[in-house]
Amino acid sequence: MKKRINILKIMRVLLALFVFAAITFLFIDFTGKSDHFSWLAHMQLIPAILAGMGGIVIVLLLLTFLFGRIYCSVICPFGILQDILERITTFRMKKKKRKTRYRYAKPQNKLRYILLAAIVILFFAGTTRPLLLLDPYSNFGRIATNIFAPVYVGLNNLAEFILLKFNNYSLYHQRVYAVLSSVLFSAAVFIAIGIAVHMRGRIFCNTLCPTGAILSLVSRYSIFRLSFDKEACNQCGLCEKGCKAQCIDSKEKSIDASRCVDCFNCISACSKGGMQYRFVNPFSKKKSVGKVEKKAPEKANSRRAFIATSATIAGTLPLLSVKGADKEKELIDHSKPILPPGAISRKHFDKNCTACHLCVAKCPNHVIKPATFQFGAGYLLKPHITYEHGFCNYECTICSEVCPNHAIEPLTKEEKKLVQVGIAEFIKELCIVYTEGTDCGACSEHCPTQAVHMVPYEGTLTIPKMEQELCIGCGGCEYICPARPVRAINVIAKEVQGTAKVPVVEEHKEVEVDDFGF
């Protein structure tokens, strides 16, 4: 049967591909060329709510009221990822000449709205842990950062290796920065969502997703939506078989508008023009505009729903009760995470951060890393700063600029220079000046605020001395310290970020020389 040309679907797919490519490039790019796409991260619903961006929230809700859940198919990268996975599995099924797998399913409204209510209550109680696990944008960010980015870097390094053989130096080698636990978590979510999409299409979006739950409250009253043309419809059921949201009941000629994600597959499937996207009275009580008959789903369908939902939950809620392995007592207290500059406090950061890992992906020195269990299960996957392989650039404000949740508040360069993310502590007994009787001074040379300076020690030797009120915790001293296995100078996190004193710049006095002095 010949399908109709669907302009709406073509437009939707083109826009979705642009958004998906742009946001993915934002996470995997290491050249800075993707910075002009950062506005797309700020257009995500949950981050906009957490950041208090009322204007963006109103625009997204108004868009949903006018046109339905266009957001889920065009703006949400996790939704678009599911569409791509669905397209791949559909192609494979058609290649094997298997029947289309979708059919109408009863909505799981109790689970959907109980989860949303629990998330709201816990948010006001001061935690975003459920959002970290279920927010679609954050899940996509972790997949892009921990799975797509290493692949992209690997391809870059392979191309760089090949080009070098031809004396072409247009590319340069990049290290792969990844944390195993974060990679495993992201892979688990990716696999789980792939299983869910294969079995039940957009079941995550219409059952577990908080963004989908919020938008469903508005989309059920949308002005423009899909509806049946009852005179043209011959009840062939093709629209129902093509609906990945499983919200079309072709027998009853009804559509659950709260679950429809406006993919427009049903319009393409219908050759008779029985499915139309048009203006509908949002307060009509007819079944064709969203009322759904209450009927028991088939047993096979119920089993598929149970398996798909369980797989999704299993992928998004792993290992929460696991505790980190006990470590030997260290000389330095690293029990608290060093937060990115602008995070204000641990309380503020915990409440607003959903671990989308955009700050991890964009940090030019790669000092922002996702946590494992070193700070407890409650901080799993959230960003923290580590100075093992680099330090925080003195004037860099990228993480505060890209954070869509405002978990890291925007900072100017001048403000950044005074933000104390931690305080460096010096242990004299570990310093090589003390242990080996040799000159060093590397920490003083790399301190941008004069917080570390050298003072007389023994003979001609000098040893570091700390002025903690000048220290901003940038980690320059810790990173460069040659003492091993434990560095002699380490940054200790501050629970509430402070403000350092402005370093005194000595005035340069010009001396006039009238003669040679001899």
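**Close-up views of a predicted model**

View 1. Residues are numbered from 1 along each chain as its sequence is written, and side-chain values use heavy atoms, with hydrogens and water left out. A cavity is a set of points, on a 1 Å grid over the protein atoms alone, where a 1.4 Å probe fits but cannot get out; lining residues have an atom within 4 Å of a point. Grid points are joined across faces, edges and corners, and a volume is the space filled by probe spheres set on the points. The structure holds 12 cavities of 30 Å³ or more. In the largest cavity, 21 residues form the lining, and Thr145, Ala149, Tyr177, Ala361 and His366 lie nearest the centre.

**View 2. Helices and a strand contribute to the lining of the largest cavity.** Helices (H or I, at least four residues) and strands (E, at least two) are DSSP runs, numbered from the N terminus. At least two lining residues come from each of helix H1 (7–28), helix H8 (136–164), helix H16 (358–362) and strand E5 (368–370). H8 gives the most, with 5 residues. The lining divides into 14 nonpolar, 4 polar and 3 charged residues; Ala, Val, Leu, Ile, Met, Phe, Trp, Tyr, Cys and Pro count as nonpolar, Asp, Glu, Lys and Arg as charged, and the others, Gly among them, as polar.

**View 3. Helix H1 crosses helix H8 at roughly 65°, and their axes come within 8 Å.** Axes are lines fitted to C-alpha atoms, for helices over the stretch in contact, and angles run from 0 to 180 degrees between N-to-C directions. H1 and H8 are therefore roughly perpendicular to each other; angles under 35 degrees count as roughly parallel, over 145 as roughly antiparallel, 65 to 115 as roughly perpendicular and the rest as oblique. The crossing is right-handed; a crossing is left-handed if the near helix is turned anticlockwise from the far one by less than a right angle, and right-handed if clockwise. Phe20, Ile23, Thr24, Phe25, Phe27 and Ile28 of H1 meet Tyr137, Phe140, Gly141, Ala144, Thr145, Phe148, Ala149 and Tyr152 of H8, where contact means heavy atoms within 4.5 Å. By class, the contact of H1 with H8 has 11 nonpolar, 3 polar and no charged residues.

**View 4. Helix H8 also packs against helix H9 (residues 180–200), at an angle of about 120° and with the axes 9 Å apart.** The two helices are therefore oblique to each other, and the crossing is left-handed. On the H8 side the contact includes Asn139, Arg142 and Phe148, and on the H9 side it includes Ser182, Phe185 and Phe190. The residues of this contact comprise 8 nonpolar, 4 polar and 1 charged.

**View 5. Helix H3 (residues 54–67) and helix H11 (residues 210–219) pack with their axes 8 Å apart, at about 50°.** That angle makes H3 oblique to H11. H3 and H11 form a right-handed crossing. Leu61, Thr64 and Phe65 of H3 touch Ile214, Leu215, Val218 and Ser219 of H11. This contact has 5 nonpolar, 2 polar and no charged residues.

**View 6. Isoleucine 344 and proline 485 lie in loops.** Isoleucine 344 is not a glycine, yet has a positive phi of about 70°. Its loop runs between helix H14 (299–316) and helix H15 (346–352). Proline 485 is joined to arginine 484 by a cis peptide bond, with omega about 5°. The loop that holds proline 485 lies between helix H21 (476–480) and strand E10 (489–499).

**View 7. Glutamate 388 touches Tyr479 and Arg487, not counting residues up to four places away in sequence.** Glutamate 388 sits in the loop between strand E6 (383–385) and helix H17 (398–402). Glutamate 388 and glutamate 478 are 90 residues apart in sequence, and 8.0 Å separates them in space, C-alpha to C-alpha.

Conventions:
This is a predicted model: local features need pLDDT of at least 70, side-chain atom pairs count only at pLDDT 80 or more; totals for chains, interfaces and linings use all residues. On a 1 Å grid over the protein atoms alone, a cavity is a set of points where a 1.4 Å probe fits but cannot get out, and a pocket is an open set with protein on both sides within 12 Å along at least five of seven lines; lining residues have an atom within 4 Å of a point.
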